[in-house]
Amino acid sequence: MTTTTVPTQDLEPRTTTGGTDGTRPPAGGRRDRHVSPKKVAGYAILIIFAIIYLYPFLIQIATSFKSDPESVAHPLSLIPNPFDLGAWKRMFGLTSDTPVPIMTWLGNSVLVTVIITASRVFLDSLAGYALSRLHFRGRRFMFTALLAVMSVPGVVLLVPKFLIVTYLGIFDTYTAMILPLMVDAAGIFIMKQFFDSVSVSIEEAARMDGASVFRTFWSVVLPMARPSLITLTILSFQGSWNEFSHFLVVTQRPELKTMVTGLASLTSGELGSGTQFPLKMGAALLTTIPVAVLFFAFQRHFVRGANEGAEKG
Amino acid sequence: MAKRRTNIHGREGIAGWVFTAPAIVILGVFLLVPILMALWVSMTNWTGNVDPFGGGPNAAFVGAKNYSSLFLSDGLARSDFMQSLGNTFYYVLLVVPLQTATSLLLALIVNDRFLKGKSFFRTAFYFPSVTSSIAISTVFLFLFSNTGAVNGLLKLLGIDGPEWFSDSRGLLHLFFGLFGAGENPDWAQGQIFGRSLWDWLSGPSVAMCVIIFLAVWTTTGTFMLMFLAALQDLPVEVDEAAMMDGVSPWQKLRLVTVPMLKPALFLVITLGVIGTWQVFDQIYVMGKGAPAGTTMTPAFLSYNTSFKSNGWGSGAAMAFIVFLIIVLLTRWQRRLMRDDKPPGRLRKTLRAVDLMHSNHGTGPTP
């Protein structure tokens with residue numbers, strides 16, 4: 001994977017130089033390559049697409065600092081004029097308007113995400129290890145079952161999830177939000193793939209020395225699996241933070257809303273009338289920030305996650 | 001020694017079950033069992049206020065009636081469902097080729113060895129894929145609002161932008177209009193599943209086009225990465241040989257690069273088809289099917305029918321029909337591309353990647 005060789009600190013400064021790259025590509029510098037029209041066209045396409053892909057985020061940030069009328073009057077401008085903190089004040093309950101229970105949403109999101117992520121990292125690697133290494137009756141069947149479970153599209157699961165949490169009497173509770181997501185089949189699959197690619201010799205030595213299976217797993221195998229564990233942590237964090245449909249069907253009370261389900265109710269107009277674009281953009285921004293921070297800090301692991309299948313396959 | 005060995009394996013047998021037990025229990029209880037429960041509910045007329053498995057007038061077994069009436073009985077349920085299928089058909093037809101072509105194009109350019117700022121561009125294109133679908137949809141609602149950025153931009157170009165989210169006119173209808181086909185012409189009156197040919201031929205509505213654009217915008221990054229990974233596996237010699245032979249860049253792309261990318265293409269198209277048939281989050285935020293039902297999708301209709309109208313049997317049936325459509329389409333696609341059937345490993349990973357994204361609400365599953 002080439003991405004691992006790309007230092008992440010490249011990301012920031014390039015943002016500003018991207019434009020000049022386009023007009024005068026490598027002319028002058030260390031390299032004496034002539035500017036081919038093909039190259040100029042390539043840069044032009046990339047820059048146009050970069051604007052299309054990034055401008056919405058910039059507008060989102062700018063709009064959250066605008067006043068309601070300003071956001072409608074100058075939707076394209078990136079500089080709020082006048083600079084208005086109204087949306088942010090309202091989100092954090094500093095105005096007399098109907099407050100938006102952002103703190104409740106944030107708290108729920110953090111709680112749910114942390115528990116689900118920790119649990120997935122542990123349970124997925126435990127199961128992935130067993131499926132890759134331990135010899136036990138039914139292992140092959142279990143792996144086939146895992147693949148079958150993975151191929152069920154999410155859309156089929158909305159009604160089933162509601163049925164089971166109601167049946168178990170946990171509808172509208174934190175248990176219903178967290179428990180079903182504590183293991184995910186794709187994570188098990190990723191970990192199994194990883195353990196398949198590591199040599200057994202070290203663990204065998206540990207086992208011969210009389211260490212128990214769990215002890216070998218915990219102190220010998222897991223430390224070796226660090227890169228995959230980081231990838232799994234990031235995928236789980238991103239997945240549970242962004243989760244929408246599961247929370248939508250297993251909860252009802254406003255106190256159980258997460259950032260994402262809360263934002264959805266705000267956007268679909270359940271919390272007051274009017275367009276309130278600055279408020280919505282601010283809430284959307286707050287929803288985006290944690291994953292964005294994670295993304296910029298661990299970019300290569302995200303890339304790894306996206307390619308996990310394509311590469312190992 | 002032999003004894004010790006069996007001993008280790010004995011311990012392993014128990015450990016194997018203990019290690020996998022949490023996963024088995026959770027996936028079993030919250031995935032497998034509920035699917036069977038829903039399969040049962042899809043064959044009842046359950047109304048939601050009694051025990052779904054208790055029988056009685058509000059949870060009576062009705063056999064395949066919920067399924068057959070979606071296709072055969074005249075009524076609102078069928079016309080809504082058929083409209084949602086029609087909408088999604090156009091959605092898939094546009095999103096899958098557009099996202100595949102765009103991501104391939106971007107990957108081919110970004111893959112250039114002499115490109116500067118490679119990591120910046122890669123980051124920029126991938127970033128939308130990792131953010132929350134709900135947050136992104138909220139931003140798009142603003143961008144495409146009547147006084148939003150897109151119409152502001154169009155105004156700069158002297159164009160009066162449409163009212164994106166309340167415009168239910170179909171693109172194909174608008175196109176036919178250019179040739180003088182009026183409202184509901186005589187030649188298009190035939191009924192197919194209770195919907196006139198004219199309605200089937202509407203094309204995606206203006207409002208749906210926004211969601212199509214959003215889907216392409218959020219998924220190209222992930223697919224670009226898959227193409228990039230595949231491109232980097234291509235042997236350099238082939239490239240050089242092609243250059244030596246004086247092949248034009250376009251010929252090289254068509255005759256060398258794309259054929260060698262076939263496994264990656266297969267992966268991207270399959271993931272695209274699986275993801276596009278399941279659009280839900282975006283529909284929930286961006287109008288819940290409005291205007292005039294032209295952004296309604298089977299996934300959202302299934303939710304709405306079950307949770308909002310208490311038609312649980314019918315809603316569950318719709319979900320299983322979508323499941324079946326996805327299975328059939330991916331089978332069919334596999335057959336089309338059979339010449340170079342993907343190796344077993346790829347097929348497995350294909351499911352893995354799909355799952356990773358479909359269950360995380362972002363990525364290729366718009």
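Student: Among contacts in chain B between residues at least 6 apart in sequence, what percentage join residues at least 24 apart?

Tutor: The model is predicted, so local features need pLDDT of at least 70 and side-chain atom pairs pLDDT 80 or more, while totals for chains, interfaces and linings use all residues. Residues are numbered from 1 along each chain as its sequence is written, with chains lettered from A and ligands numbered from 1 in the order written. Two residues are in contact if their C-beta atoms, placed from the backbone, lie within 7 Å. For chain B, the share asked for is 73%.

Student: Which helix of chain B gives the most residues to the side that touches chain A?

Tutor: Helices are DSSP runs of H or I with at least four residues, numbered from the N terminus. The contact takes 96 residues from chain B and 96 residues from chain A. With 24 residues, the greatest contribution on the side of chain B comes from helix H1 (residues 2-41).

Student: Is Ser132(A) buried or exposed?

Tutor: Ser132(A) is placed in helix H5 (residues 102-133) of chain A. A residue is buried if 20 or more other C-beta atoms lie within 10 Å of its own, exposed if 12 or fewer, and partly exposed in between. Because Ser132(A) has 20 C-beta neighbours inside 10 Å, it counts as buried.

Student: Leaving aside neighbours within four places in sequence, which residues is Ser132(A) in contact with?

Tutor: Ser132(A) lies 8.6 Å from Met191(A), C-alpha to C-alpha, although 59 residues separate them in sequence. Its contacts beyond four places are Lys192(A), Phe195(A) and Asp196(A).

Notes:
Helices (H or I, at least four residues) and strands (E, at least two) are DSSP runs, numbered from the N terminus.
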